[in-house]
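Trainee: I would like to learn how to read this model. Please take me through it step by step.

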Amino acid sequence: MQPDIRVVDDVPAAFADFVTMLAPRTFALTGGGTAQRCYDELGRRGDDWGQTAFLLSDERWVPVDHQDSNEGQARRRWLDHVSHAGLTSMRGDGDDRAAAASAYEAVVAYLSPIDLCHLGLGDDGHAASLFPGASALDVTDRLVVPVADEHHEWPRLSFTYRAIEACRTVAFTVTGPEKRDAFRRVVEGDQSAPAAAVRAGERLIYFVGPEVASGT
């Protein structure tokens, strides 16, 4: 699948415009600095998201009120300030990561196909919490798995490639010159960057800043 690459001056604004136009009924969220700015922008687009049910594409195994929780970030920056059809927590879906992954997989299967999955791009080329060299990259029979590695703080839960591909639209938001090399590798199809293997059910879109796209 060839991605639709959109180089834009204001990534959060372009993404918010796209989400508002799409009006997804199901929306899988991500974390990180760019995502938080995107959710700030979406918060300025109105307070009625009552037709949209939210979930997470990946999460750190920390309490929701922890500063590193993807759910916590999304709630503080956006969802706690608007009406919506609910957010299903990854962290609260089981007593341990294995149980939470199994329970969340049932949620994802029930909601599939998810209308929109939002992803960021790590400077090592990861997407969701699918890290370079991780065993999760080879999982084909699960939708949600526990993940952990020595290079990233906190054990996590993550969508697998299969879960991401089951989403109708997958949209990456990428900002910052530190992401330039990772984005180049994705564009070139370098499979050492896990994001290069991401597929979507219907369309795959990258919203990237000019500082990211330069040289590609």
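Mentor: Buried means under 20% relative accessible area, exposed means over 50%, and partly exposed lies in between (1.4 Å probe, protein chains only). The model is predicted, so local features need pLDDT of at least 70 and side-chain atom pairs count only at pLDDT 80 or more, while totals for chains, interfaces and linings use all residues. Residues are numbered from 1 along each chain as its sequence is written, and side-chain values use heavy atoms, with hydrogens and water left out.

Trainee: How many helices and strands does the protein chain have?

Mentor: Both are DSSP runs, numbered from the N terminus: helices are H or I with at least four residues, strands are E with at least two. On that count the protein chain has seven helices and 11 strands.

Trainee: What radius of gyration does the protein chain have?

Mentor: The radius is taken over C-alpha atoms, and the globule rule is 2.2 Å times the number of residues to the power 0.38. For 216 residues, a compact globule would come out near 17 Å. The C-alpha trace spans about 45 × 40 × 30 Å along its principal axes.

Trainee: What share of the residues of the protein chain counts as buried?

Mentor: The accessible surface is about 9,200 Å² (Shrake-Rupley method, 1.4 Å probe; for residues, only the protein chains shown count as cover). Carbon and sulfur atoms hold 46% of that surface. Of the 216 residues, the buried share is 51%.

Trainee: Where in the chain do Phe54 and Trp78 lie?

Mentor: Rings of Phe, Tyr and Trp (its six-membered ring) pair if their centres lie within 6.5 Å; planes under 30 degrees apart are stacked, over 60 edge-to-face, the rest tilted. The structure holds 10 aromatic pairs. Phe54 and Trp78 form an edge-to-face one, with 5.2 Å between centres and 80° between planes. This pair links distant parts of the chain, 24 residues apart: Phe54 is in strand S4 (residues 53-56), and Trp78 is in the loop between helix H3 (70-77) and strand S6 (83-84).

Trainee: Are Phe54 and Trp78 buried or exposed?

Mentor: Phe54 has a relative accessible area of 1%. For Trp78 the value is 0%. So Phe54 is buried, and Trp78 is also buried.

Trainee: Is the pair of Phe172 and Tyr206 stacked or edge-to-face?

Mentor: The centres of Phe172 and Tyr206 lie 4.3 Å apart. The angle between the planes is 0°, and the pair is stacked.

Trainee: How many residues apart in sequence are Phe172 and Tyr206?

Mentor: Phe172 lies in strand S10 (residues 169-174), and Tyr206 lies in strand S11 (residues 203-208). So the pair ties together parts whose separation in sequence is 34 residues.

Trainee: What sits over the ring of Trp61?

Mentor: A charge sits over a ring if NZ of Lys or CZ of Arg is within 6 Å of the ring centre and within 35 degrees of the ring normal. Here the charged end is 3.9 Å from the centre of the Trp61 ring. It belongs to Arg91.

Trainee: How many residues apart in sequence are Arg142 and Glu105?

Mentor: The two form a salt bridge (a side-chain nitrogen of Lys or Arg within 4 Å of a carboxyl oxygen of Asp or Glu), with the closest N and O atoms 2.8 Å apart. Arg142 lies in the loop between S7 and strand S8 (144-147), and Glu105 in helix H4 (residues 97-111). So this pair ties together parts at a sequence separation of 37 residues.

Trainee: Is Asp115 buried or exposed?

Mentor: Asp115 and Arg168 meet in a salt bridge of 2.5 Å, N to O. They link distant parts of the chain, 53 residues apart. Arg168 is partly exposed, at 31%. Asp115 has a relative accessible area of 15%, so it counts as buried.

Trainee: Which residues does Arg185 touch?

Mentor: Arg185 lies in helix H6 (residues 180-187). It counts as buried because its relative accessibility is 13%. Contact means heavy atoms within 4.5 Å. Leaving out residues up to four places away in sequence, Arg185 touches Asp123, Asp124, Gly125, Asp190, Ser192 and Ala193.
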